[in-house]
Amino acid sequence: VERTLVHGEHAFKEDSHHFLVSNEYKYIWFSQTGEEQLFDMKNDRKELNNIAKEESSKEILSYHRNHLIGLLVNSEEGYSDGKQLIVGQLPTDVLKKPGYLK
(Lines give C-alpha, C1' and ligand atoms only; values in the text may rest on other atoms or scores of the structure.)
Protein backbone atom coordinates (compact mmCIF):
# COMPACT_ATOMS: atom_id res chain seq x y z
CA VAL A 1 0.00 0.00 0.00
CA GLU A 2 1.45 3.35 -1.01
CA ARG A 3 0.95 6.21 1.43
CA THR A 4 1.23 9.86 0.48
CA LEU A 5 1.93 10.99 4.07
CA VAL A 6 3.55 9.03 6.88
CA HIS A 7 2.86 10.12 10.48
CA GLY A 8 5.25 9.59 13.36
CA GLU A 9 5.78 10.78 16.90
CA HIS A 10 8.86 11.10 19.07
CA ALA A 11 8.52 11.61 22.80
CA PHE A 12 11.11 12.02 25.53
CA LYS A 13 9.67 12.51 29.00
CA GLU A 14 7.29 15.50 28.72
CA ASP A 15 8.58 16.66 25.32
CA SER A 16 7.14 15.34 22.09
CA HIS A 17 6.79 16.17 18.46
CA HIS A 18 4.71 14.78 15.64
CA PHE A 19 5.78 14.70 12.04
CA LEU A 20 4.34 14.06 8.60
CA VAL A 21 6.66 13.03 5.80
CA SER A 22 6.07 12.72 2.06
CA ASN A 23 8.40 12.65 -0.92
CA GLU A 24 8.02 16.42 -1.14
CA TYR A 25 7.80 17.80 2.41
CA LYS A 26 8.44 17.09 6.07
CA TYR A 27 6.23 18.86 8.60
CA ILE A 28 7.04 18.82 12.32
CA TRP A 29 4.84 20.09 15.16
CA PHE A 30 6.28 20.38 18.68
CA SER A 31 3.41 19.70 21.07
CA GLN A 32 4.84 21.56 24.06
CA THR A 33 5.68 24.82 22.27
CA GLY A 34 3.48 24.81 19.17
CA GLU A 35 6.55 25.42 16.99
CA GLU A 36 6.14 24.23 13.43
CA GLN A 37 8.83 23.31 10.95
CA LEU A 38 8.47 22.59 7.25
CA PHE A 39 11.20 21.28 5.00
CA ASP A 40 11.29 20.89 1.22
CA MET A 41 12.51 17.30 0.90
CA LYS A 42 13.22 17.56 -2.82
CA ASN A 43 15.58 20.53 -2.50
CA ASP A 44 16.70 20.31 1.14
CA ARG A 45 17.24 16.63 2.04
CA LYS A 46 19.39 17.58 5.06
CA GLU A 47 16.56 19.74 6.49
CA LEU A 48 18.69 22.86 6.87
CA ASN A 49 16.14 25.47 5.76
CA ASN A 50 12.89 25.68 7.74
CA ILE A 51 10.37 27.22 5.31
CA ALA A 52 7.40 27.24 7.73
CA LYS A 53 7.37 31.04 8.07
CA GLU A 54 7.83 31.81 4.39
CA GLU A 55 4.77 33.35 2.74
CA SER A 56 5.18 31.03 -0.25
CA SER A 57 4.81 28.00 2.08
CA LYS A 58 1.60 29.17 3.78
CA GLU A 59 -0.74 26.86 1.83
CA ILE A 60 1.39 23.71 2.13
CA LEU A 61 1.94 24.40 5.85
CA SER A 62 -1.82 24.72 6.36
CA TYR A 63 -2.42 21.48 4.44
CA HIS A 64 -0.02 19.54 6.68
CA ARG A 65 -1.29 21.15 9.90
CA ASN A 66 -4.90 20.32 8.99
CA HIS A 67 -3.96 16.74 8.13
CA LEU A 68 -2.29 16.34 11.55
CA ILE A 69 -5.31 17.90 13.27
CA GLY A 70 -7.46 15.19 11.70
CA LEU A 71 -5.06 12.40 12.63
CA LEU A 72 -4.81 13.45 16.27
CA VAL A 73 -8.46 14.27 16.95
CA ASN A 74 -8.96 11.03 18.94
CA SER A 75 -5.59 10.99 20.71
CA GLU A 76 -5.67 10.20 24.41
CA GLU A 77 -3.35 13.11 25.10
CA GLY A 78 -5.80 15.61 23.62
CA TYR A 79 -3.45 17.01 20.98
CA SER A 80 -6.38 18.04 18.74
CA ASP A 81 -10.00 19.06 19.14
CA GLY A 82 -10.68 18.50 15.44
CA LYS A 83 -10.28 22.20 14.63
CA GLN A 84 -6.80 23.00 15.94
CA LEU A 85 -3.69 21.49 17.48
CA ILE A 86 -3.61 21.94 21.25
CA VAL A 87 -0.28 22.99 22.71
CA GLY A 88 0.90 21.83 26.14
CA GLN A 89 -0.73 18.42 26.36
CA LEU A 90 1.64 15.92 27.98
CA PRO A 91 2.56 12.78 26.05
CA THR A 92 1.47 9.47 27.56
CA ASP A 93 4.12 6.80 28.12
CA VAL A 94 1.70 3.94 27.53
CA LEU A 95 -1.56 4.53 25.69
CA LYS A 96 -4.66 2.96 27.17
CA LYS A 97 -6.33 2.28 23.83
CA PRO A 98 -3.85 1.13 21.18
CA GLY A 99 -4.61 2.03 17.60
CA TYR A 100 -6.37 5.33 18.30
CA LEU A 101 -5.42 6.63 14.87
CA LYS A 102 -8.23 5.67 12.54
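Analyst: The model is predicted.

User: What makes E4 a mostly covered strand?

Analyst: The count of buried residues settles the matter: five of the five residues of E4 are buried. Both faces of E4 are covered, with Glu36, Leu38 and Asp40 buried on one side and Gln37 and Phe39 buried on the other. In general, side chains in a regular strand alternate between the two faces of the sheet.

User: How do you know that E3 and E4 are paired, and in which sense?

Analyst: Two strands pair if there are at least two bridges between them. E3 and E4 have five bridges, in the antiparallel sense, and therefore they meet the criterion of at least two. Within this pair, Lys26 stands opposite Phe39 in E4. The hairpin of E3 and E4 has five residues between the strands, and Gly34 takes a positive phi near 85 degrees there. Strand E2 (residues 15-21) and E3 also pair in the antiparallel sense, over five bridges. His18 stands opposite Trp29 in E3.

User: Why are E1 and E4 said to stand at the edges?

Analyst: The four strands form an open sheet in the order E1-E2-E3-E4, with antiparallel pairing. Strand E1 (6-12) and E4 each have a single partner strand, so one side of each has no neighbour in the sheet. From one strand to the next, the twist averages 15 degrees.

User: How does the span of H1 compare with the span expected at 1.5 Å a residue?

Analyst: H1 has 15 residues and reaches 21 Å from its first C-alpha to its last, which is close to the 21 Å expected. The buried residues of H1 are Leu61, His64, Leu68, Ile69 and Leu72. These residues cover an arc of only 145 degrees around the axis, so they are on the same side of H1.

User: What covers the buried residues of H1?

Analyst: The cover includes E1, E2, E3 and E4. H1 lies across these four strands and runs at about 60 degrees to E3.

User: What makes a group of residues a nonpolar core, and which residues have the most contacts inside the largest one?

Analyst: The members must be buried residues of nonpolar kinds, such as Leu, Trp and Tyr, joined through side-chain atoms within 4.5 Å. The largest nonpolar core has 14 residues, and those with the most contacts inside it are Tyr27, Trp29, Leu38, Leu68, Leu72 and Leu85. Strand E3 (25-30) and helix H1 (58-72) each supply at least two residues of this core. The largest share, four residues, comes from H1. In soluble globular proteins, nonpolar side chains tend to be buried together.

User: In what order do the elements run along the protein chain?

Analyst: From the N terminus on, the order is β-β-β-β-α. Of the 102 residues in the protein chain, 34% are buried.

Technical notes. Residues are numbered from 1 along each chain as its sequence is written. This is a predicted model: local features need pLDDT of at least 70, side-chain atom pairs count only at pLDDT 80 or more; totals for chains, interfaces and linings use all residues. Side-chain values use heavy atoms; hydrogens and water are left out. Buried means under 20% relative accessible area, exposed over 50%, partly exposed in between (1.4 Å probe, protein chains only). Axes are lines fitted to C-alpha atoms, for helices over the stretch in contact, and angles run from 0 to 180 degrees between N-to-C directions. Contact means heavy atoms within 4.5 Å. The expected span of a helix is 1.5 Å times one less than its number of residues. The arc is that of the directions from the helix axis to the C-beta atoms.
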